Amino acid sequence: MEEQTPRDKQTPRDFLREFIELYQSFPCLWLVKSKEYSDRNKKSLAYEEMVKKYKEFDSLADRNTVVKKINALRTVYKKELSKINNSLKSGAGADEIYKPSLWYFDLLHILNDQDSVRSTRNTMDDEDEETQQYICSNELSVI
């Protein structure tokens, strides 16, 4: 009779924890503000490692499977985060603030500021400055 290894006894929750921790170890997959994020080679290598890991759970997994799983995890995390933020905005008391029931919520805190919207820039202000500089430089040449 073959003895089971600890890996054989791994629960889906244990697997998912390890999968998320591996995802965290590859900032090129989630850290939008890094140079690595736009490096296709690094991303490709990272996804290869993520697929290897996922194959422990699903032997038919491929990159598409991993991408879908990551997107699903991110979506659920964002929904929970939205519930927290909405309860904070509602003026709820400290004991009434939504507490996430998602067991892996804290593992995905790395995503907290990754989807923030870039601040906008009014290009009309730039035009006004350029126009002002043009007017000033032409006034000086006239004098």
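## Aromatic pairs and a helix crossing

The count of aromatic pairs comes to seven, where rings of Phe, Tyr and Trp (its six-membered ring) pair if their centres lie within 6.5 Å, with planes under 30 degrees apart counted as stacked, over 60 as edge-to-face and the rest as tilted. One of them is the edge-to-face pair of Phe15 and Tyr54, with 5.6 Å centre to centre and 75° between the planes. This pair links distant parts of the chain, as the two residues are 39 residues apart. Helices (H or I, at least four residues) are DSSP runs, numbered from the N terminus.

| Residue | Helix | Helix residues |
|---|---|---|
| Phe15 | H1 | residues 12-24 |
| Tyr54 | H3 | residues 40-55 |

The model is predicted: local features need pLDDT of at least 70, side-chain atom pairs count only at pLDDT 80 or more, and totals for chains, interfaces and linings use all residues. Residues are numbered from 1 along each chain as its sequence is written, and side-chain values use heavy atoms, leaving out hydrogens and water.

Both Phe15 and Tyr54 are buried (under 20% relative accessible area, 1.4 Å probe, protein chains only). Ring pairs also join Phe15, Phe19, Tyr54 and Phe57 into a cluster.

Tyr54 belongs as well to the contact (heavy atoms within 4.5 Å) of H3 with H4, in which Ser44, Tyr47, Met50, Val51 and Tyr54 meet Arg63, Thr65, Val66, Val67, Lys69 and Ile70. The axes of H3 and H4 (residues 63-89) come within 9 Å and cross at roughly 90°, the axes being lines fitted to C-alpha atoms over the stretch in contact, with angles from 0 to 180 degrees between N-to-C directions. H3 and H4 are therefore roughly perpendicular (65 to 115 degrees).

Conventions. Buried means under 20% relative accessible area, exposed over 50%, partly exposed in between (1.4 Å probe, protein chains only). Angles under 35 degrees count as roughly parallel, over 145 as roughly antiparallel, 65 to 115 as roughly perpendicular and the rest as oblique.
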